[in-house]
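Thanks for passing this one along.

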Amino acid sequence: MYDLVEIFESLQGEGRNTGRPCVFVRFAGCNLKCPWCDTDVKKRFSASLDEIVKEVRGFKAKSVILTGGEPTLVKEMPELVAALKKAGCWIGVETNGTIAADWLGFVDYVACSPKVEFADLYCGDRNVATPLKSADEVRVVASSEKAVEFCKRIRGRIAATDYYVSPCDRGGKIDFATAKAVLSQLDGWSLSVQLHKLLGFR
């Protein structure tokens, strides 16, 4: 059984796949507690592998985003990935990058969002976890101007095609100013906004 928060269909709101119709499967639980986190990660229900696949196939979108919380904490994820692949789904994963789960090599897209507040997990001499070394895109939330040095270090630690800085959302107030200040000091990074918040869709 899988512990879940919700399963719903919408558009991807950030990163390279912005605007892509997707089914979001949000898993409960996270190994980090970011002070600005705006996502409810408490378990709302449990579902079997077959129940999740049936629910996903009931939507029109054929792209699936496994998100959280933190999906790499889910031990039974390899079985779900295999079942979704068998059902013909394109699979993307949103992860904080602290755990380099083997099954990530079998999905179509990995969006990694390392957190400034837990820099030692990614860049420390003695990492608590085995952090991700590569992804399709990296998105760093500019929660402070400390993100500048963090982004520079992350670029040397996580290989990716695209690197993004995202404005921090604190209680509905989106801090574009800090994101702009951080971007002005980085080369090869772009802005990624949470379009779903700006346009008012889920």
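1. Where is the place of T39? T39 sits in the loop between β2 and β3 (45-47); helices (H or I, at least four residues) and strands (E, at least two) are DSSP runs numbered from the N terminus.

2. A word on the ground rules. This is a predicted model, in which local features need pLDDT of at least 70 and side-chain atom pairs count only at pLDDT 80 or more, while totals for chains, interfaces and linings use all residues. Residues are numbered from 1 along each chain as its sequence is written, and side-chain values use heavy atoms, with hydrogens and water left out.

3. Back to T39 and its surroundings. Leaving aside residues up to four places away in sequence, T39 touches R26, G68 and G69, where contact means heavy atoms within 4.5 Å. From T39 to V140 the C-alpha to C-alpha distance is 16 Å, and the two are 101 residues apart in sequence.

4. Now the charges. Side chains of opposite charge can pair when their charged atoms come close. With a salt bridge taken as a side-chain nitrogen of Lys or Arg within 4 Å of a carboxyl oxygen of Asp or Glu, the model has 10 salt bridges.

5. One of these joins E14 and R139, whose closest N and O atoms are 3.6 Å apart. This pair links distant parts of the chain, 125 residues apart: E14 is in the loop between β1 (2-11) and β2 (21-27), and R139 is in strand β7 (residues 137-142). Are E14 and R139 buried or exposed? Both are buried. They also belong to a network of salt bridges that links E14, E94, E137 and R139.

6. Another salt bridge brings R44 and D40 together, at 3.1 Å from N to O. R44 counts as exposed because its relative accessible area is 53%, whereas D40, at 35%, is partly exposed.

7. Finally, K152 and E149 form a salt bridge at 3.6 Å, N to O. Both residues lie in helix α4 (residues 147-157), three residues apart, which is about one turn of the helix. K152 has a relative accessible area of 46% and E149 one of 49%, so each counts as partly exposed.

Methods. Buried < 20%, exposed > 50% of the residue type's maximum accessible area, 1.4 Å probe, protein only.
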